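Have a look at it before reading on.

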Amino acid sequence: MPESMVAPRQVDLLNCADEPIHTPGSIQPHGALVFLDADGAVEGWSANADDRLGTALALGVPFTAAGLPDDVVDLVRETFDAMSDGEAAPAVGAVSIGGVDYDSVVHGHKGRVIVEFEAREETPDAVAQFAIKAHASIERVRRQKSIDGLLQTAVRQVRDFTGFDRVMAYRFRGDDSGDVVAEAHREGLVAYRGQRYPASDIPAQARRLYVLNTLRMIADMTYDAVPMLGAPGAAPLDMSFAVLRSTSPIHVEYLRNMGVAASMSVSIVIHGRLWGLIACHHMAPKRVPYSVRMAADVLAQVIASTVQSIEANFEAGLAQRAAEVRTHLVESQLLEEDPLEALVKHGQELMASTRSQAMIATQFGRTVCLGLEQEDGERVVASLPEHVHDLLLREGMQDWPENVRPHLGKWAGLLGMPFDPPSGGWCLLLRTEQIEHVVWGGKPGKIETVGPLGVRLTPRGSFEAWHETVRGRAHPWEEAILTHARMTLGELMRVSNARRAQTEATRSQLLAMLGHDLRDPLHSINMAGMVLEKTAASDTKGTLGKRIQSSSSRMQRMISQVLDMSRIDRGLALGVALAPVDLAALVEDMVEEARLAYPTIVYELHTIGPAFVLGDDSRLGQVLSNLLSNARHHGEPNQPIGVRLKLEAHHAVVSVSNHGAPIPAEAEATLFNPYKRSSLNNARNRTGMGLGLYIAQQIVREHEGEIGYRHEDGCVVFTVRLPLAPRQAAQP
C-alpha cells in the first residue's frame, strides 16, 4: 500500500533557512500528479489522482496500463525517448477528463518522469487570445533602449495579458536585497514602487530554485496541500520543475500578510544569477493557463537578453572612453619629464571615465590634488598601505583605517592604482559618500512571533513603508570600471619600469664617467695644489694651494660615496680585503690626521691597545673618518670631540661623541638611510648627501659588526662594535 511522502517536519525560526522546498511531498489542489520510475512503472501519485483522473492507480503498474488518457501516454513515451542523463524538457498537451479541461505537463528529472494534470478554466479560444496579446507584448519589450523603460513596459504588458491586480519588477543588488523599480497595479492599491526588500525575504535555497525553475504559480493562498503517496521508504520526489509543486508555508504566510490571495513570479536570470523578478499579485484566487505563463516566461527571457544587450552597449561605450583616456595618458607619461604632471593633465578625463569626484597623484613624497583640499589629500596618502602592487579598493568608511575616518569628511570611496611602488607612486580616485534614503517595504529584520505555524520567523505583518538613512558608503566601484582600471594600472607600471630602466642606464653611464673620466683630472688638480703649496712664494699662493687640495679631496670623497652607493643599490658588496688590523693604531692615526687638518678642534682620545680585528684598514678608516666628520659638523662649537676604544666580550668598541641635543625620534628612525632630508641642504654640512652613515653601516656589516646611536650625558654618541681577531679574542 502506498503511504504519504510528506516529511513530518515543522518549519520554524531555527530551520526555515534549510527548508527542503524542492521536495515538499505535496501539491496544490487544482490538479493531480503521477510519477514513474526509470522503467516506466508507476512509483507514486497525489492523493487526489484517482478521483481527478477517474482511474485506480497501483504501484509498479506500467504507465501504459495505468488508465492515463492516450494523448498523455504518447507524451510520456516522447519524454522517455528524449531522456538524457535522467532529464527531459517539458512536453505539453491538452486533455479533458470527466468534463474538466487539463493542461498535461510531462517532464523528466533525476531519472523519474513526472506527469501533471493542471485544471484549466479558460477555453482554448480564450487561451489563444492571451497568447496573441503576449506575443505583441514581447515585441514592445524588445524595442526598449533603457533598463528602466524595459522593466516599466514589461510590468504593464504582463498585467495586460494576465489580468493580475499588481505586477512589480524587482531588481536585485549585490547584497541580494531587491528594489521595486517598476510597477503596474489597479486603482485602490498602495504603490510599492521605490521600496526595498531585504535579502532575507528570499532565502538562499529559494533563490537557487528561482534560478532553476524560472516560473512559479500559487493559485489560491488558502489551499489545503494534497499529499503525495508512494512506496514505503521511497526517495522523496524532487519537484523542482513541477508546475503544481506545493509552496513553503512561510512564503504563503508572507503573501497573506500582504493581502495577496494568488501570485505568480517569473525570474530574470542573467549569467546564471538571479538578476531580477517579475512578481504578480492578485487579491483573490486566480489561475493563469500554462501557455500564458510560458509566454510570461519567454518575456522574462527577452528581458534578460535585452538587459544584457543594453549593459553590453554601455560597457562597450565605457571601454572605448577608458581606452582613449588610457592612450592619451600613456602618451603623456612617455613624453613628460614628471609623471605627476601627466596624471594631472588627464585628471578630469580619468575622473569622468571612472565616475569619481576627486583625484590625488603622489610620488616621491610630493602630492597633487584635484577636487579636494591639499590637507585632505595628504591624509588620504598617509593612510595608504605599503607594498601594494594591485588595485586598492575602499567602498565605505569601514574600509578605511580607524584613525583616518574622523577626517574623511564627504569622501568614502577610493580606487587606488600603485603605478610605481618603489617611489610611492599612486593615482588615487575618490568617490563621495552617498547619503541614501532607503524606503523599506516594512521594517527589515527577523521578527519572532507566534504565527499559525508556531514560534517562527513570521513574515512582516505590516508592509507600510519604513524609512532609513544609510550613511558612510560610496557608490560601489563597477566591475567594468575596475577592469579598465587594472588595464590602466598595467600600462602605467610598464611606463614606470621603462622610465626606471632608462634612468638606471643613464646613472650607469654617469657613474662610469665619475669613476673614470673625473678621477684622473681631479688627481691632477690635487697634485697641482700640492706643488703650488710647497713652491709658493707667498702665503696667498700657499693658501690657494691648500684650498685646491681641500676642494679636490672633497670632490673625490663625494665621487667615492656615489660609487659605493651604486654598488650597494645593485646588491653588490663593497669589497673588503680582510687582514689583521690594529684598531688602536688606526684610531690614533685617524685622530692625529684630523688634528692636523682641523687644529682648532680639541679631540679627547682614550684607547687601550693593541686591539686586533680582521678587517680592511682602508674601509675601517672610511668609517672612522665619516664619524669624525659628522661630529665636527653637528657638534656644538668650541666643545671637544671624544674618541674612545675599549674591549668588551671579545669585541673592540669604538665610540665617537660630540656635545649636542638628542636626534629627534623621526630623524633617528631614518638615521642610516641614504639621501636623508636632514642631511641634504644642511647649512652646517652643505656638501653632504646623506650617504656617509648609510655606507658606514654597510662597511661595518661586511665586517660582521654593528653600528649604533645613543644620547648620553648631553652627548650624541655613535658606536662601532667589531669582533676581535681570533688570536686576541682567545687571550684572557
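## Helices lying across a sheet

Before talking angles, one definition: an axis is a line fitted to C-alpha atoms, for helices over the stretch in contact, and angles run from 0 to 180 degrees between N-to-C directions. Also keep in mind that this is a predicted model. With that in hand, take α16, which lies across β29 and β30 and runs at about 125° to β29. Then there's α14, lying across β25, β27, β28, β29 and β30, at about 20° to β28.

## The sheet itself

Which order do the strands of this open sheet follow? The 5 strands go β25-β27-β28-β30-β29, and the pairing is mixed. At the edges stand β25 (603-606) and β29, each with a single partner strand, so one side of each has no neighbour in the sheet. From one strand to the next, the twist averages 20°.

Zooming in on one pair, β27 and β28 run in the antiparallel sense and are joined over 8 bridges. One of the residues to look up here is Ile641, whose bridge partner in β28 is Asn658.

## The nonpolar cores

The largest nonpolar core has 41 residues, and the ones touching the most other members are Leu583, Val613, Leu627 and Phe718. Elements giving two or more residues to this core include α13 (583-597), α14 (617-634), β27 (641-648) and β28 (651-659), along with α16 (692-702), β29 (706-712) and β30 (715-723). The largest share, 7 residues, comes from α13.

What does Leu583 touch, not counting residues up to four places away in sequence? Its contacts are Ala611, Val613, Leu620, Leu645, Ala652, Val654 and Leu722. Apart from this core lies another one, of 34 residues, with Ile138, Val167, Val288 and Val307 among them.

## A buried aspartate

Now for Asp165, which you'll find in the loop between α4 (147-162) and β8 (166-172). Is Asp165 buried or exposed? Its relative accessible area is 10%, so Asp165 is buried, because buried means under 20%. Leaving aside neighbours within four places in sequence, Asp165 is in contact with Arg159, Ala184, His185, Arg186, Leu189, His281, His282 and Met283.

## Cysteines

A disulfide is a covalent bond between the sulfur atoms of two cysteines. How many disulfides does the model have? The count comes to 0. As for individual cysteines, Cys280 counts as buried at 0% relative accessibility, and Cys715 counts as buried too, at 11%.

Conventions: Residues numbered from 1 in each chain as written. Predicted model: local features only at pLDDT ≥ 70, side-chain atom pairs only at ≥ 80, totals over all residues. Heavy atoms only, no water. Core = buried A, V, L, I, M, F, W, Y, C linked by side-chain atoms within 4.5 Å. Buried < 20%, exposed > 50% of the residue type's maximum accessible area, 1.4 Å probe, protein only. Helix = DSSP H or I, 4+ residues; strand = E, 2+ residues; numbered from the N terminus. Contact = heavy atoms within 4.5 Å. Pairing = 2+ DSSP bridges. Disulfide = S-S within 2.5 Å.
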